Amino acid sequence: MAPIKKTRPNDGVKKISLAATDVTPARGVEEKMTWKEYKKMKKQIGNGMTSKSKKLKRPTPKEDEESGKKKPVKLTKKQKERHDTGADVIDPSAMRSKLQQEKMKMTKEKFEKRIEATAKAEKYRVENVGFVAPDDEDDNSLTYSIRQKDIVEAVDLAAATKHFELKLPRFGPYHIDYTDNGRHLVIGGRKGHLAAIDWQTKRLHFEQNVMEKVSDVKFLHTENFIAVAQKNYTYVYDNIGTELHCLKTMYDTARLEFLPRHFLLVGASRNSFLNYVDVSVGKQIASFATKSGTLDVMCQNPANAIIHTGHTNGTVSLWSPNSKEPLVKVLTHLSAVQGVAVDDQGNYMATTGLDRKCRIWDVRMFRQLHAYSLPFGAANVAISQKLDVACAVGNYVQVFRGMHNGTCKEPYLVHNCGGVVTDLKFVPWEDVLGIGHAHGFTSMLVPGAGDPNVDTFRSNPYETKSQRKEREIKQLLDKIQPDLISLDPDDINKVNEGLLELEEEERKKILYIRPMSVQYTPRHKMRSKKSGWKMEARKNTVKNQIRLERNMEKGAVEKEVFGGNEVQEPKKKHILDRLK
């Protein structure tokens with residue numbers, strides 16, 4: 001700030017002037033104004049008012065009330081639906097007693113207030129999405145010409161520490177994974193190197209060599225459990241590197257995925273088998289052959305827990321543990337599929353292939369939206385929370401912005417890793433992209449990739465040990481059964497009218513279709529001496545049982561269709577009834 005110059009004009013009033021060219025000395029302004037002088041000056045010039053100006057009137061109590069009233073915040077229907085947890089479905093009038101009706105009414109009001117409060121709080125989020133822009137407005141240079149060192153110099157110290165490299169050329173290439181809250185990182189090298197760290201504080205949990213080939217690594221429901229696909233079997237380790245389990249049912253696994261809401265560990269093997277294991281009880285849920293060759297390209301749809309696998313014939317198949325056949329098969333490329341990724345909302349799918357194309361698909365309609373050409377065949381692909389797409393092109397990683405809406409014309413950022421890229425993962429709630437390559441690991445800054453407003457109800461990066469334990473218990477209580485996995489999660493709220501009508505027709509056929517004759521041949525017992533009449537007795541017993549069941553079923557249908565008259569039970573006679 002420039003120094004303050006004081007002059008004393010003829011009228012006795014001090015005049016304050018600012019000189020833009022002067023620089024304030026380190027010791028401040030030498031000549032200070034006394035309190036009496038300042039009070040006299042304020043009285044004379046004040047806030048632009050003369051001594052003859054009228055005094056300000058205090059507002060009346062009515063004006064205070066009107067000004068103190070807060071205007072109600074109007075929420076749109078879309079905002080309420082986003083945070084709705086099913087409060088509209090609650091019907092207090094369905095309760096039998098008045099007490100239960102009042103309790104349910106209070107519960108509904110409580111849920112509605114919570115939804116409204118959550119929607120209002122969303123308006124106060126002040127964090128903005130990051131971006132890359134040149135200092136000079138006239139600079140027309142492209143953003144992909146900006147290197148990581150330039151970004152590190154421009155951002156604050158906390159963000160600059162998130163860019164680092166781990167040079168481990170002896171044990172690569174590496175596969176990586178982050179926890180749901182984005183706090184912890186695990187890396188696994190092809191030659192057996194395994195390490196888990198808190199990548200923000202750079203605190204090492206454990207580091208060891210398993211002395212076997214590592215194909216993939218995956219965190220389970222917490223950072224305390226890590227699944228590692230090794231040479232023959234899949235192993236589970238804790239956060240200090242102790243081996244806990246050996247899953248021999250998941251043999252020769254190439255890729256791993258974990259479904260957190262169902263506690264299912266999914267393994268895709270090189271012999272085309274897809275295995276589902278429930279880690280909460282240690283039971284194998286499903287295992288079947290896909291008959292599509294080696295399954296080395298796999299991802300999950302976080303919205304409905306459907307597994308997407310890419311194949312060498314250019315197709316992408318969608319799998320559920322409830323079906324041994326693919327739910328949907330999409331021809332995505334004219335050559336082998338190299339990478340598949342689905343966004344968090346389950347709306348868009350990105351695929352890359354050897355035909356040098358990156359295609360964006362609408363998962364809801366299974367229709368291609370856009371296709372982009374790459375320098376040569378991309379190997380891996382990842383989608384961030386803000387729908388930025390990262391593609392691995394040899395030693396380089398290219399990040400694209402606006403691919404889903406067709407506004408992308410050139411890469412957003414480009415980074416050279418120095419080795420062939422084998423794995424890509426965006427960090428949740430952070431503008432960071434984790435890259436596993438042949439020479440180690442790189443944490444790359446991508447401004448605007450993550451959601452700046454952390455949803456701690458969903459995943460809390462700052463959770464304590466007690467909060468983690470509570471979350472783990474709550475996840476186990478809210479565990480969803482694998483039978484409910486389907487393409488449309490809303491199917492559970494609907495009634496299959498077609499199937500219901502067929503069942504009703506089959507039931508009504510009992511009334512006018514002649515029942516089939518009962519055919520039953522009892523098994524001959526060699527040890528029994530009197531086997532002839534015993535066989536006939538057993539045959540008649542079974543036939544009578546079947547006929548009885550058919551008659552009961554027919555009676556139930558007749559009562560349902562024609563409405564049977566209720567038979568009044570005879571009144572019990574009492575010994576004194578004769579005296580009436």
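Begin by selecting R471, which counts as partly exposed because its relative accessibility is 21%; here buried means under 20% relative accessible area, exposed means over 50%, and partly exposed covers what lies in between, with a 1.4 Å probe and protein chains only. The model on screen is predicted, so that local features need a pLDDT of at least 70 and side-chain atom pairs count only at pLDDT 80 or more, whereas totals for chains, interfaces and linings use all residues. Residues are numbered from 1 along each chain as its sequence is written, and side-chain values use heavy atoms, with hydrogens and water left out.

**Around helix α7**

E463 is buried because its relative accessible area is 18%. Then select Q467, which lies in helix α7; helices (H or I, at least four residues) and strands (E, at least two) are DSSP runs, numbered from the N terminus. Q467 is partly exposed because its relative accessible area is 37%, and, leaving aside neighbours within four places in sequence, Q467 is in contact (heavy atoms within 4.5 Å) with N460 and Y462.

Next select R468 together with E223, which form a salt bridge with their closest N and O atoms 3.6 Å apart. This pair links distant parts of the chain, 245 residues apart: R468 is in helix α7 (residues 465-477), while E223 is in the loop between β8 (216-219) and β9 (225-229). Both E223 and R468 are buried.

**Other charged pairs**

The structure holds 14 salt bridges. One of these brings together the side chains of D362 and R364, at 3.1 Å from N to O; D362 counts as buried because its relative accessibility is 6%, whereas R364 counts as exposed because its relative accessibility is 52%. Side chains of opposite charge can pair when their charged atoms come close.

For a linked set, select D177, K218 and E257, which are joined in a network of salt bridges. D177 is found in strand β4 (residues 174-178) and counts as buried because its relative accessibility is 5%. The side chain of D177 makes a polar contact with the side chain of K218 at 3.4 Å, and the side chain of D177 also reaches the backbone nitrogen of F219 at 2.8 Å; a polar contact is a pair of N or O atoms within 3.5 Å, where within protein one must be able to donate a hydrogen and the other to accept it, and where residues adjacent in sequence count only if both atoms are side-chain atoms. Not counting residues up to four places away in sequence, D177 touches residues including H184, V217 and K425.

**The nonpolar cores**

Now select V399, L424 and L433, the residues with the most contacts inside the largest nonpolar core, which has 31 residues; such a core is a set of buried Ala, Val, Leu, Ile, Met, Phe, Trp, Tyr and Cys residues joined through side-chain atoms within 4.5 Å. Among the elements that give two or more residues to this core are β4, β25 (389-393), β26 and β28 (421-426). Leaving aside its neighbours within four places in sequence, L433 is in contact with A390, V397, V399 and L424, among others. Apart from this core lies another, of 27 residues, among them V266, L274, V342 and V363.

F400 and A390 are ten residues apart in sequence and 6.3 Å apart in space, C-alpha to C-alpha. Beyond four places in sequence, the contacts of F400 include L374, V389, C408 and Y412.

**Confidence**

Finally, colour the chain by pLDDT, the predictor's confidence in each residue, from 0 to 100: the mean is 83, and 83% of residues reach 70 or more. Over residues 1-30 the pLDDT is below 50, and this stretch has 33 contacts in the model beyond near neighbours in sequence. Residues 47-59 also stay under 50, and for them the model has three contacts beyond four places in sequence.

Terms used
Salt bridge = Lys/Arg side-chain N within 4 Å of Asp/Glu carboxyl O.
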